[in-house]
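Here is a short briefing to read alongside the structure. Please keep the 3D view open, and turn it as you go from topic to topic.

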Amino acid sequence: MKLSKIKEILPTLDNVEFQLENGTFVPVHFHVTEIGQITKHFIDCGGVVRIEKAVNFQLWDANDYEHRLKPAKLLNIIKLSEEKLGMEDAEIEVEYQSETIGKFDLDFDGQHFILKNKQTACLASDACGIPAEKQKINLSELNSTCCTPNSGCC
């Protein structure tokens with residue numbers, strides 16, 4: 001989800017709720033402790049130099065049970081971040097800690113913001129010799145009429 005999309009969604013909500021893909025909710029007393037733009041300048045295993053930019057939200061379970069982040073407050077934090085940091089309308093990456101700090105993509109299901117698990121991938125699979133994944137076929141799906149007993153095909 002891009003920054004512009006969350007800015008469209010927030011005014012339509014009564015509460016800001018984040019949910020992990022496994023159904024677990026981020027505690028309602030979370031805080032957004034950081035919003036920023038992250039630039040990743042790197043080289044992939046095929047030798048291609050790449051630059052990726054993302055807007056970063058960091059969520060923190062503050063054990064502050066008296067406060068709840070309301071949509072208008074989050075929208076104001078986003079606007080302030082845009083003004084002070086000159087952020088681009090990039091994809092949002094959310095940091096949230098469970099056992100360690102996890103990085104998540106962001107989606108919206110109509111009620112809750114969903115923290116989607118991120119996956120690693122090779123960006124230069126054609127250059128580093130990783131074979132293409134073979135198509136898997138169930139033997140039961142093969143046309144079994146071509147070679148049955150007494151059919152003369154064997």
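This predicted model shows a chain with 2 helices and 6 strands. Starting at the N terminus, the elements follow one another as α-β-β-β-α-β-β-β. The chain has 154 residues, and 30% of them count as buried. Take the contacts between residues at least 6 apart in sequence: 65% of these join residues at least 24 apart.

**The sheet as a whole**

- The 6 strands form an open sheet with mixed pairing, and their order across it is β1-β6-β5-β4-β3-β2.
- At the edges sit β1 (18–20) and β2, each of which pairs on one side only.
- On average, neighbouring strands of this sheet are turned by 40 degrees against each other, direction ignored.
- Helix α2 (residues 71–85) packs on the sheet and touches β2 and β3. The direction of α2 makes about 40 degrees with that of β2.

**How the strands pair**

- Strand β2 (residues 30–43) and strand β3 (residues 49–61) run antiparallel and are joined by 13 bridges. One place to look is Gln37, whose bridge partner in β3 is Val55.
- The hairpin of β2 and β3 has 5 residues between the strands, and in this hairpin Gly47 takes a positive phi near 90 degrees.
- On to β3 and β4: these strands run parallel, with 5 bridges between them. Here Phe57 has Val94 as its bridge partner in β4.
- β5 pairs with strand β6 (residues 113–117) in the antiparallel sense, over 5 bridges.
- How enclosed is β4 by the rest of the structure? It is largely enclosed, because 5 of its 6 residues are buried.

**Gln58, in strand β3**

- You will find Gln58 in strand β3, where its side chain makes a polar contact of 2.6 Å with the side chain of Thr33.
- Beyond its neighbours within four places in sequence, Gln58 is in contact with His31, Val32, Thr33, Glu34 and Glu95.

- Is Phe104 buried or exposed? Phe104, in strand β5 (residues 101–108), has a relative accessibility of 10%, so it counts as buried under the 20% cut-off.
- The bridge partner of Phe104 in β6 is Asn117. Phe104 also lies 8.9 Å from Ile114, C-alpha to C-alpha, with the two residues 10 apart in sequence.
- Not counting residues up to four places away in sequence, Phe104 touches Leu20, Ile92, Glu93, Val94, Tyr96, Leu115, Lys116, Asn117 and Lys118.
- Lys103 is found in strand β5 as well, and with a relative accessible area of 45% it is partly exposed.
- From Lys103 to Lys116 the C-alpha to C-alpha distance is 8.8 Å, while the separation in sequence is 13 residues.
- With its neighbours within four places in sequence set aside, Lys103 is in contact with Glu93, Val94, Glu95 and Lys118.

- Which side of the cut-off does Gln19 fall on, buried or exposed? Its relative accessible area is 13%, and buried means under 20%, so Gln19 is buried.
- A polar atom of the Gln19 side chain lies 3.1 Å from the backbone oxygen of Gly23.
- Leaving out residues up to four places away in sequence, Gln19 touches Thr24, Phe25, Asp109, His112, Phe113, Ile114 and Leu115.

**The largest pocket**

- The largest pocket has a volume of about 670 Å³.
- It is lined by 22 residues, and those closest to its centre are Lys40, Glu52, Glu93, Asp105 and Lys118.
- Which elements give two or more residues to this lining? They are β2, β3, β4 (92–97) and β5.
- The most comes from β2, which gives 4 residues to the lining.
- Two of the names at the pocket centre, Glu93 and Lys118, have come up already: both are in contact with Lys103, and both touch Phe104.

Conventions:
Residues are numbered from 1 along each chain as its sequence is written. This is a predicted model: local features need pLDDT of at least 70, side-chain atom pairs count only at pLDDT 80 or more; totals for chains, interfaces and linings use all residues. Side-chain values use heavy atoms; hydrogens and water are left out. Two strands pair if DSSP finds at least two bridges between them. A polar contact is a pair of N or O atoms within 3.5 Å; within protein, one must be able to donate a hydrogen and the other to accept it, and residues adjacent in sequence count only if both atoms are side-chain atoms. Contact means heavy atoms within 4.5 Å. Buried means under 20% relative accessible area, exposed over 50%, partly exposed in between (1.4 Å probe, protein chains only). Axes are lines fitted to C-alpha atoms, for helices over the stretch in contact, and angles run from 0 to 180 degrees between N-to-C directions. On a 1 Å grid over the protein atoms alone, a cavity is a set of points where a 1.4 Å probe fits but cannot get out, and a pocket is an open set with protein on both sides within 12 Å along at least five of seven lines; lining residues have an atom within 4 Å of a point. Grid points are joined across faces, edges and corners, and a volume is the space filled by probe spheres set on the points.
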